[in-house]
Amino acid sequence: MSELRRISKYTKPYRKEIVAAIILLGLVVVADLSIPRLIQVIIDDGVANKDMDKIISTSLLMIGASILSAVFMIGNTVFSVRASRKMEADIREDLFKKIQSFSFGNLDDFTTGQLLTRLSSDLTQVQMFFTMLLRMFTRAPLMFVGSLSIMILTNFELSRVMFVMIPVTSILVYMFISRVQPFFARVQERLEYLNQVMQENLVGIRVVKAFVRRDYENERFEDANNQLFETQLEFTQLLSIFFPLTMVIMNMATVAIIYYGGMQVFAGTTSVGTIMAFVNYVFSTMFPVMMLAMMAGQISSASASAERIMQVLDAEPDIQDKPDAIKLSNIKGKVVFKDVEFSYSEDGGDPVLRDLNFTAEPGENVAILGSTGSGKSSLINLIPRFYDATKGQVTIDGYDVRDVDMESLRSNIGISLQEVSLFSGTIRDNIRYGRPDATQEEVEQAAKAAQAHDFIMGFPNGYDTMVGERGTNLSGGQKQRLAIARALLIKPKILILDDSTSAVDIETEIKIEEALEEQLAETTRFVIAQRISTVLNADQILVLDEGKIVAEGKHTELMDTSPIYKEIYDSQLGNGGAQ
Ligand code: DUT
Ligand code: MG
């Protein structure tokens, strides 16, 4: 509930629409409540006195009232849908912007499936709730109070039937609500889980096929699907008991009214028309009570959804610019790690990097070597501030990266991440992702340096070739070279290549290296490599092991001083080496 109240701040800009919707709804209720009264007039004044004119004129009034009610209702729908849809769009925009502002650490906290569910079905729940609120929630109490007061005022004795009826139905509604409440939250939870399973499966469908895990995945999906289905079924079953039961009670009340009312008619204390009107008012009093049961469901499912949406909106990006952040411009590219320790967990436990100290001078070519899981990617993630060091500091040209404006920092860093992501669009658009205004010459120059130009020109459409979703029409090595070209195009002062040539043959790799050496002589380069052949010419080689630098220096130095390095060298290039 409280989360619904918080999310309702999004209704603020649409006050006017909301007020209009509520006023129109009030008019609907007035028109609706007048109809039983008009029936009463037709019967008591028209039929009883055989007064045809009265019958016709009142019937026309009745038709007028119902047309008015329909018109008001349409007006109400227009305003309430407009307000709640606009509000939905506003929340969606805020959610999207929020997710964009997330750091890598924030993104680790949510799965893609969770975020998608919150952006779609949770938001729909909240939107539906506000539409319902504006169309039904206000109408129900008005109807209830209105028809009950009319009943009490016109015939108090007869209205006493309601004093039995309301408590009985209320108990029923209460029982229903308390049973049904937990279901709604569970439905959304299960939907979220289902989406997660589905999303993982879609992303990894090739792996699923490769490992012949179709049956297993089908089962996992079926399981999630069934869980959702069963929850929904249980709820529907409860509904299917509840509504007929309330109908029985309502019909019993009608019988009671006709019985007591009939006796009153015989005694001459009331009219047939009043009884007719009363039967109608029984429905319009009880209908809102029944609606209450439905609303309770809506409220709990919407508040469960609102809570999940607010979780995303409340999440603070854990990496933010300081208010007085320094804008970097024209940097030289000196990178220093000083006593850096880093852990993925928030409490700083189990550090994956420890006691890191090194200096990369401007224009230096730094190679990072180490077995898988030794912390190479974690190390380079600290330079563009994807994560913050847990202890110590990372500085660029003497500025602590935590003190500088992130945008200015990152626009100086060209990076090709270990996992290449391309966007749907042309090859050209992908290469100039970081600099959309780059000219064709610049794009080609970057592509040539990345040894991508030739294969791009090999496609019939060249740079206009569409890249499929996740780069499906490209080979692994081709994708990597596009990613390198993309990083080069921004003419960075610091270039980071995380295992970016792992799927490229050695010959091409050497050409890329030569081109970088030539074109980016002033750029500080960090190159993570598995192959020792890649690092032979580096100005500085850092050998990482379990998050620590165990050796550093040039190739020739390391061959003499570091047994680990020599071991790697021998296994790859030395006598008896594989290559
Ligand atoms: N790790 C996490 N969370 C992450 C990423 C990594 O806990 O989001 C852990 C896994 C590993 C350590 O950090 O124990 C270092 O991982 P990193 O990815 O830095 O290793 P790498 O040297 O880049 O390995 P690879 O050569 O496989 O890319
Ligand atoms: Mg890595």
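Angles under 35 degrees count as roughly parallel, over 145 as roughly antiparallel, 65 to 115 as roughly perpendicular, and the rest as oblique. Keep that scale handy for the helix pairs below. This is a predicted model, where local features need pLDDT of at least 70 and side-chain atom pairs count only at pLDDT 80 or more, while totals for chains, interfaces and linings use all residues. Residues are numbered from 1 along each chain as its sequence is written, chains are lettered from A and ligands numbered from 1 in the order in which they are written, and side-chain values use heavy atoms, with hydrogens and water left out.

**How the helices pack**

- Two packed helices are described by the angle between their axes and the distance between the axes. Here an axis is a line fitted to C-alpha atoms, for helices over the stretch in contact, and angles run from 0 to 180 degrees between N-to-C directions.
- Helices (H or I, at least four residues) and strands (E, at least two) are DSSP runs, numbered from the N terminus.
- A crossing is left-handed if the near helix is turned anticlockwise from the far one by less than a right angle, and right-handed if clockwise.

**α14 and α16**

- Helix α14 (residues 440-449) crosses helix α16 (residues 476-489) at roughly 130°, and their axes come within 8 Å. α14 and α16 are therefore oblique to each other, and their crossing is right-handed.
- On the α14 side, E442, V443, A446, A447 and A449 touch A485, L488 and L489 of α16, with contact meaning heavy atoms within 4.5 Å.
- That α14–α16 contact splits into seven nonpolar residues, no polar and one charged. For these classes, Ala, Val, Leu, Ile, Met, Phe, Trp, Tyr, Cys and Pro count as nonpolar, Asp, Glu, Lys and Arg as charged, and the others, Gly among them, as polar.

**α10 and its partners**

- Helix α9 (residues 214-267) packs against helix α10 (residues 272-314) at an angle of about 160°, with the axes 10 Å apart. That makes α9 roughly antiparallel to α10.
- The α9–α10 crossing is right-handed, and its contact residues are 19 nonpolar, five polar and no charged.
- Helix α2 (residues 15-47) also meets α10: their axes come within 7 Å and cross at roughly 160°. α2 and α10 are therefore roughly antiparallel to each other, and this crossing is right-handed.
- From α2, the residues in contact are L33, P36, R37, I39, Q40, I43 and D44, and from α10 they are V272, G273, T274, M276, A277, N280, Y281 and S284. By class, the α2–α10 contact has eight nonpolar, five polar and two charged residues.

**Cavities**

- On a 1 Å grid over the protein atoms alone, a cavity is a set of points where a 1.4 Å probe fits but cannot get out, and a pocket is an open set with protein on both sides within 12 Å along at least five of seven lines; lining residues have an atom within 4 Å of a point. Grid points are joined across faces, edges and corners, and a volume is the space filled by probe spheres set on the points.
- The count comes to three cavities of 30 Å³ or more.
- The largest cavity has a volume of about 140 Å³. It is lined by 14 residues, with L497, E513, L516, V527 and T534 closest to its centre.
- α17 gives the largest share of that lining, four residues. The lining of the largest cavity has seven nonpolar, four polar and three charged residues.
- The second largest cavity, at about 40 Å³, has Y387, D388 and R402 among its lining residues.

**Second largest pocket**

- This pocket holds about 300 Å³ of space. Of its 16 lining residues, D318, S343, Y344, E346 and Y387 lie nearest the centre.
- Helix α4 (residues 104-109) gives the most to the pocket lining, with four residues.
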